[in-house]
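Subject: Handing over a structure

Dear colleague,

I am passing this structure on to you, and I would be grateful if you could look through it alongside the notes that follow.

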Amino acid sequence: MDHRSNHNEIVKKFLLIVVPIALFLGILSIYMYKSEVKIDHHNLFSLEMQLLYQQKNEIQSTYESIVSDLLFLSTHHELQHYITDIDKCNILDLNDDLVQISAIKGSYDQIRFIDGNGMEAIRVNYNDGDPEIVEEENLQDKGGRYYFTDSIVLEKGEIFISPLDLNIEHGEIEIPHKPMIRFGTPVFDGSGTKKGVLFINYHAGKMLESIRNIMSYSEGIPMLLNPEGYWLVSPAPEDEWGFMHDNNKTFANRYPDMWKEISTGEAGHIITHEGLFSYITIAPLKEGWISSTGATKAHQASEHELSSTDYKWKAVLHIPAEEFFALSQRLAVIISFAFLIAIIIIGVLVWRFVRASYEREFAADNLVRSNRELKELEDIITVSPGVAFLWRNEEGWPVEFVSENVKQFGYSPDELRSGSVPFLDMVHPDDLVRVGQEVSDYSKSGVKEFTQEYRLVTKDGRVAWVDDRTFIRRDTDGNITHYQGIMLDITEKKQAEEVLKQYEKIVSSSKDLLAFVDRNFIYRSINGPYLKAFDRSRAEIINHSVREVVGEENYDNNVKNHLKKCLKGDEVHFQAWYSTPSAGKRFWEVSYYPYFEPDNTVSGIVIGVHDTTERKLMEEALRTENIKLIEARKIASLGSWEYDMAKDKLHWSEEAYEIFGVDRDEGLEVSLKDLMGAVHPDDRDFVRNSYEDSVLNRVPYNITHRVLTRDGTVKHVNEICVTEYGEDGTPFRSIGTVLDITELKLAEEEIKEYARMQSVLIKEINHRVKNNLFAILGMINAEKERTGDEGMELISRLAGRVLGLSAVHDMLSRSEWRPVALEDLCMGILKGVFAGLPGVVGVDYTVSPSDINVANTQAHQLAMLINELATNSVKHRTDENKTLQINIDIKDKGDDLVYIYYKDNGPGYPEGIIEGDFPDTSIGLDVMMNIAKRSLKGKIDLSNHSGGGAVCELEFVLQAK
């Protein structure tokens with residue numbers, strides 16, 4: 001055989017070996033590539049969908065919160081007062097409540113009540129954080145707006161929610177744009193009558209900004225689309241709100257194929273040459289909430305009603321093609337390069353091996369070299385973590401091949417290949433049914449490869465988690481012949497994931513503030529309470545410095561030096577007051593712990609903050625109260641004592657020494673006998689008996705007695721004592737307080753003496769005043785005999801007034817000049833008037849019941865006024881045969897405002913008097929007006945009753961009694 005023949009044989013043998021190996025490696029590379037791409041895509045899909053669901057939950061939560069506020073306001077008691085009786089409604093209270101709600105919420109652009117005709121009755125504008133009530137002249141007619149016409153027809157408790165569009169004011173789209181959602185519900189009064197519609201205009205800008213913040217965690221571009229495919233949120237702001245501007249800038253026109261699938265699907269992922277589109281359907285309306293198509297013009301009606309299922313948006317995340325396919329392209333390059341290197345290495349080895357078989361002169365050297373190289377290759381496979389399996393597609397999945405490193409699970413390759421240990425015995429019993437079902441489902445679906453995670457039971461009983469990546473082999477007819485897999489032990493990964501989940505639960509459930517910062521003091525991780533305390537979003541803290549978050553002054557004064565010390569490896573603990581945006585001033589216990597890496601270097605700091613504000617405030621309050629208590633005891637002259645019965649020892653407080661007149665340095669004998677020695681001799685038996693009865697009957701005592709000090713001073717004290725008993729019922733200790741009430745006792749005696757003197761003085765004054773009044777009345781009656789007809793009337797009226805004054809004076813004196821009943825005062829004046837006017841017959845008068853009392857000053861003024869009214873009624877009656885009827889009605893109008901209505905059945909007042917033109921002879925009317933306006937500080941009106949008779953209406957405020 002010549003050299004050329006040898007060479008051809010070598011090449012032929014080389015190709016027969018290398019080509020199958022290359023095919024196998026190629027298939028394996030493709031499998032690895034697709035598996036990795038699939039895993040990466042799965043992780044990416046999961047992240048995108050998680051963010052979309054978070055966005056959906058955020059929107060639904062916002063809608064529920066606003067509807068809750070709307071229903072609460074629709075039944076607000078001040079609004080109910082307003083719609084029931086606007087004249088009696090305290091509109092200022094209603095406006096104040098609405099302004100406060102607007103300020104607190106911060107996202108309600110307008111809160112409006114629109115009456116049944118479509119006219120704004122009340123409107124509060126948020127006004128960029130300074131809410132204000134819109135003046136009446138600036139309120140607008142909204143009767144033609146779709147949201148009013150769609151809401152006014154609803155029944156009680158039904159909710160109308162408008163589409164998300166732009167706010168229109170005075171017929172024009174408001175600039176800058178205000179994304180707006182209008183929430184409305186009809187308002188009914190207590191009788192069930194519909195009075196109008198309550199609207200909350202929700203400024204959706206914050207909600208859209210929140211959506212952008214949530215989506216910032218995605219590598220995709222966030223979009224929000226309405227049911228027609230118009231952009232509500234777009235990467236290009238000029239494309240947004242096309243339906244409001246009558247343009248065709250829609251997602252549906254730009255991506256018609258994607259829109260066809262997105263508009264009909266609930267949620268999913270679409271991969272096209274444009275990249276990855278992940279989407280979800282958001283239907284924020286609950287069952288029973290109503291919407292409509294809305295309108296883009298100011299007075300345009302909506303086309304039709306929308307149910308809760310028709311009102312929906314599409315949230316979309318778009319990762320452009322250059323970013324989405326970049327990872328798979330890099331992975332393809334890496335695997336292709338690895339495949340090429342492997343083929344080159346294997347080709348070299350095989351070439352050498354084949355050539356050696358034909359070149360016997362080099363057989364020994366080639367054999368040694370080949371054995372060494374094969375041994376190295378075998379060692380590489382053996383130490384590899386991946387176990388290679390080949391199962392036949394038969395019952396029980398018999399193992400046809402398994403690599404040597406299966407020993408890591410305790411089994412030898414021969415045990416599995418021979419079938420002495422069936423592979424199914426290795427699978428954990430709790431996972432066996434699932435694994436079998438998944439293999440069956442994957443096989444029927446027609447996929448070429450699949451990935452599973454399940455548990456194996458090792459030979460020594462240990463449980464190991466494995467990641468099994470399986471490739472399905474089929475024959476030319478498409479029947480499955482084998483399953484080829486690479487199995488990786490992922491037990492440590494699973495354990496780490498479980499520990500991580502537990503840590504996350506602990507951190508998230510903690511009420512303490514927890515965070516992690518790196519060596520540059522940049523936040524890398526935080527929990528929920530940390531966000532709440534600083535009133536910021538996660539994006540506003542993560543990747544930001546501690547200085548930015550806590551403030552420069554706080555950082556320089558309280559934080560910086562502690563962080564630097566902790567970075568050196570020391571734990572740091574300190575306490576300080578901090579001002580937080582959400583909870584105000586708080587007292588925090590702060591701990592900094594260095595985070596050590598395996599090489600013992602500090603890579604960051606764990607921050608723990610425990611809020612102890614309530615405990616701190618309580619300690620300070622207790623400290624303050626103790627100081628106040630000590631001071632109060634000194635000021636109040638309150639002493640205390642404690643008697644130890646077993647030792648017959650008595651202990652006094654400093655105040656007790658002072659009360660009993662004993663020098664503390666001198667001290668007092670320590671027995672109970674000596675305590676009794678300090679009691680006044682006349683009170684000792686009383687005190688001793690009170691104490692003994694208290695101990696015997698097990699009840700505290702509270703007594704007052706006298707104390708006789710060593711300098712002869714007599715003091716009055718109030719003493720309280722309680723006794724404590726042991727488990728066997730034996731008394732062992734008495735505790736008491738003693739209060740010096742000497743000044744109080746002296747004051748009581750002085751008050752009693754003063755009251756007695758006052759009573760005697762009042763009786764004497766009353767007696768003398770009444771005698772003088774009756775003396776005046778006697779002189780007036782004596783003058784009647786010497787006076788002609790012209791003066792008779794004046795004297796009679798003077799007599800009536802004196803009798804009236806006498807009556808009111810008598811009432812006041814009987815009540816010892818305390819306030820008198822207004823009802824009794826009016827009745828007494830009327831009796832006095834008619835008793836002092838001789839010849840007056842046919843008089844009938846009534847006074848309505850009343851529990852109003854008036855002070856003595858106002859009683860005199862009212863007596864003169866009512867006396868004048870009654871005298872005029874008698875003077876001006878024209879028919880002596882007709883019974884004169886006088887009625888007085890008294891009403892309490894609240895806030896100490898009193899209303900008196902006086903009416904008779906006489907001829908009434910002349911027109912000039914009603915208009916305020918009093919003749920010179922009407923001195924009595926002038927007196928009435930002066931009393932009402934100047935003395936009583938009230939209002940008086942004179943008029944004639946429609947049925948005849950004079951009417952006087954008086955309003956005044958009661959003086960302090």
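**Arg524 and its surroundings**

Apart from its neighbours within four places in sequence, Arg524 is in contact (heavy atoms within 4.5 Å) with Phe516, Val517, Asp518, Ile542 and Asn543. With Asp518 there is also a polar contact of 2.9 Å between the side chains, a polar contact being a pair of N or O atoms within 3.5 Å, where, within protein, one must be able to donate a hydrogen and the other to accept it, and where residues adjacent in sequence count only if both atoms are side-chain atoms. Arg524 belongs to strand S23 (residues 523-526); helices (H or I, at least four residues) and strands (E, at least two) are DSSP runs, numbered from the N terminus. The C-alpha atoms of Arg524 and His544 are separated by 8.4 Å, although the two residues are 20 residues apart along the chain. Arg524 counts as partly exposed because its relative accessibility is 42%, where buried means under 20% relative accessible area, exposed over 50%, and partly exposed in between (1.4 Å probe, protein chains only).

**How to read the model**

Please keep in mind that this is a predicted model, in which local features need pLDDT of at least 70 and side-chain atom pairs count only at pLDDT 80 or more, while totals for chains, interfaces and linings use all residues. Residues are numbered from 1 along each chain as its sequence is written, and side-chain values use heavy atoms, with hydrogens and water left out.

**The chain as a whole**

The protein chain contains 27 helices and 38 strands, and of its 961 residues 42% are buried. Among the contacts with a separation of 6 or more, 56% are between residues 24 or more positions apart. The accessible surface of the chain is about 53,300 Å², with 53% of it belonging to carbon and sulfur atoms; such areas come from the Shrake-Rupley method with a 1.4 Å probe, and for residues only the protein chains shown count as cover.

**Strands that pair**

An open sheet is formed by five strands in the order S33-S35-S36-S38-S37, with mixed pairing; two strands pair if DSSP finds at least two bridges between them. Its edge strands, each pairing on one side only, are S33 (843-847) and S37 (939-944). On average, neighbouring strands of this sheet are turned by 10° against each other, direction ignored. Within the sheet, S36 (residues 897-904) and S38 (residues 950-957) run antiparallel and are joined by seven bridges, and Ile900 stands opposite Leu954 in S38. Helix H25 (residues 856-875) lies across S35 (884-892), S36 and S38, and runs at about 175° to S38; here axes are lines fitted to C-alpha atoms, for helices over the stretch in contact, and angles run from 0 to 180 degrees between N-to-C directions.

Elsewhere, strand S21 (residues 480-489) is joined by seven bridges to strand S17 (residues 386-392), the two running antiparallel, with Arg392 opposite His482 in S21. S21 also pairs with strand S20 (residues 463-474) in the antiparallel sense, over nine bridges, and here Asp467 has Leu488 in S21 as its bridge partner. The hairpin of S20 and S21 has five residues between the strands, and in it Gly478 takes a positive phi near 90°.

**Salt bridges**

The structure holds 29 salt bridges, each being a side-chain nitrogen of Lys or Arg within 4 Å of a carboxyl oxygen of Asp or Glu. One of them joins Glu64 and Lys286, with the closest N and O atoms 3.4 Å apart. This pair links distant parts of the chain, 222 residues apart, since Glu64 is in helix H1 (residues 3-74) and Lys286 is in the loop between strand S13 (275-282) and strand S14 (289-292). Glu64 is partly exposed at 37% relative accessible area, and Lys286 is also partly exposed, at 43%.

Another salt bridge brings together the side chains of Arg586 and Asp611 (3.0 Å, N to O). Arg586 lies in strand S25 (residues 584-596) and Asp611 in strand S26 (residues 602-611), so this pair ties together parts that are 25 residues apart in sequence. Arg586 counts as buried at 16% relative accessibility, whereas Asp611 is partly exposed at 29%.

With kind regards
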